[in-house]
Amino acid sequence: MENVETLAPVEGLPRVHAERVAAPGAAARAAVARFGQALMARAVPPLLVLAVLVGIWELLGSRPGSSLPSASRTFIETWDLIRDPFFDNGGNDVGLFWQLLASLKRVAYGYSLAAVAGVALGVLIGQSSWALRGLDPIFQVLRTVPPLAWLPLSLAGFRDSHPSAIFVIFITSIWPIIINTSIGIRNIPDDYRNVARVIRLNGWEYFWQIMLPGAAPYIFSGLRIGVGLSWLAIVAAEMLVGGVGIGFFIWDAWNSSRIADIILALIYVGLVGFVLDRLVAWAGRRVTRGTANG
């Protein structure tokens, strides 16, 4: 009898252990189920809308006498470009990957310059009422000039298509960065400024510890708008300046009556623009710890 009594608790251990093992397994299955539901909730609506749009495109493009190719015909005619985006036959005869890469390089140069200059000027305008009164009216006038209107002037000044395209990107994307940064600086709470005075922060410490963190959500909102404008500007500018780039590819396809190639290029342009916007939004969330929009 003593042996039976001592064995009773031991016999219960496998059941308790199984429950402990099953609990994490159930939690994992629940987490996977929640992730699947969230993914379906985010992925299904745009996929359904996309399917409807492609269906409408197919119906309209398949009509007799249609001037635009249907979705299926576009896919067939551009299959070689889709299948091999990395080919390089020299000159401008390169795959879409290299066309997009050339455009992205120009955007990287122009947008980086615009980000640095835009944040600096935005801080100046936000901090100084004199700078606000003196520069803001000029900026409000210049920002209404269409991007391509700057191209002839930049070509005359630089005498080279590459820096001219970079300048168009710069002058197009800098305005929302300046405006949003200045608004963010002016909206820094007075309590933050008072704390900086109490602990006697110098100008550099105030800039890094108070000013930039306080204005970061506004700054990244301007950066998101600016990167979208940069991508729009480079596609338009490359249609005129020539050379390798997705804008030139679209214009060259138009001159050669390759409408399907234009449609494919536009799809890629939209996807790349979406990725650029998401990257800036992700950086904004990381820097601002989730307080930036997006």
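Begin by selecting Phe-139 and Trp-175, which are both buried, where buried means under 20% relative accessible area, exposed over 50% and partly exposed in between, computed with a 1.4 Å probe on protein chains only. The model is predicted, so that local features need pLDDT of at least 70 and side-chain atom pairs count only at pLDDT 80 or more, whereas totals for chains, interfaces and linings use all residues. Residues are numbered from 1 along each chain as its sequence is written, and side-chain values use heavy atoms, with hydrogens and water left out.

Rings of Phe, Tyr and Trp (its six-membered ring) pair if their centres lie within 6.5 Å, and planes under 30 degrees apart count as stacked, over 60 as edge-to-face and the rest as tilted. Because Phe-139 lies in helix 5 (residues 129-142) and Trp-175 in helix 7 (residues 161-186), the pair ties together parts that are 36 residues apart in sequence. Helices here are DSSP runs of H or I with at least four residues, strands are runs of E with at least two, and both are numbered from the N terminus.

Next select Trp-150 and Phe-167, whose ring centres are 6.2 Å apart with planes at 75°, so the pair is edge-to-face. This pair also links distant parts of the chain, with Trp-150 in the loop between helix 5 and helix 6 (151-158) and Phe-167 in helix 7, 17 residues apart.

**Arginines over rings**

Move to Trp-130 and Arg-133, where the arginine lies over the face of the ring at 5.1 Å from the ring centre. Then go to Phe-249, over whose face Arg-258 lies, at 5.9 Å from the ring centre. A charge sits over a ring if NZ of Lys or CZ of Arg is within 6 Å of the ring centre and within 35 degrees of the ring normal.

**The helices and the core**

Now colour the whole chain by secondary structure, which gives eleven helices and zero strands. Of the 294 residues of the chain, 35% count as buried.

For the largest nonpolar core, which has 48 residues, select Leu-96, Tyr-111, Leu-223, Trp-231, Ile-234 and Ile-246, the members that touch the most other members. Helix 4 (96-127), helix 7, helix 9 (203-241), helix 10 (246-255) and helix 11 each supply at least two residues of this core, and helix 9 gives the most, with twelve residues. A nonpolar core is a set of buried Ala, Val, Leu, Ile, Met, Phe, Trp, Tyr and Cys residues joined through side-chain atoms within 4.5 Å.

**The second largest pocket**

Select Leu-50, Leu-53, Val-54, Trp-57, Ala-71, Thr-74, Phe-75, Thr-78, Ile-82, Leu-264 and Ile-267, which line the second largest pocket, a space with a volume of about 200 Å³. On a 1 Å grid over the protein atoms alone, a pocket is an open set of points, where a 1.4 Å probe fits, with protein on both sides within 12 Å along at least five of seven lines, and lining residues have an atom within 4 Å of a point. The volume is the space filled by probe spheres set on the points.

Helix 1 (2-61), helix 2 (71-77) and helix 11 (259-288) each supply at least two residues of this lining, and the largest share, four residues, comes from helix 1. By class the lining has nine nonpolar, two polar and no charged residues, where Ala, Val, Leu, Ile, Met, Phe, Trp, Tyr, Cys and Pro count as nonpolar, Asp, Glu, Lys and Arg as charged, and the others, Gly among them, as polar.

**Loops and an exposed ring**

Most residues other than glycine have a negative phi. Select Arg-159, in the loop between helix 6 and helix 7, which has a positive phi of about 55° and counts as exposed at 75% relative accessibility. Ser-257, in the loop between helix 10 and helix 11, has a positive phi of about 60° and is exposed, with a relative accessible area of 59%.

End at Phe-274, which lies in helix 11 and is exposed, with a relative accessible area of 53%.
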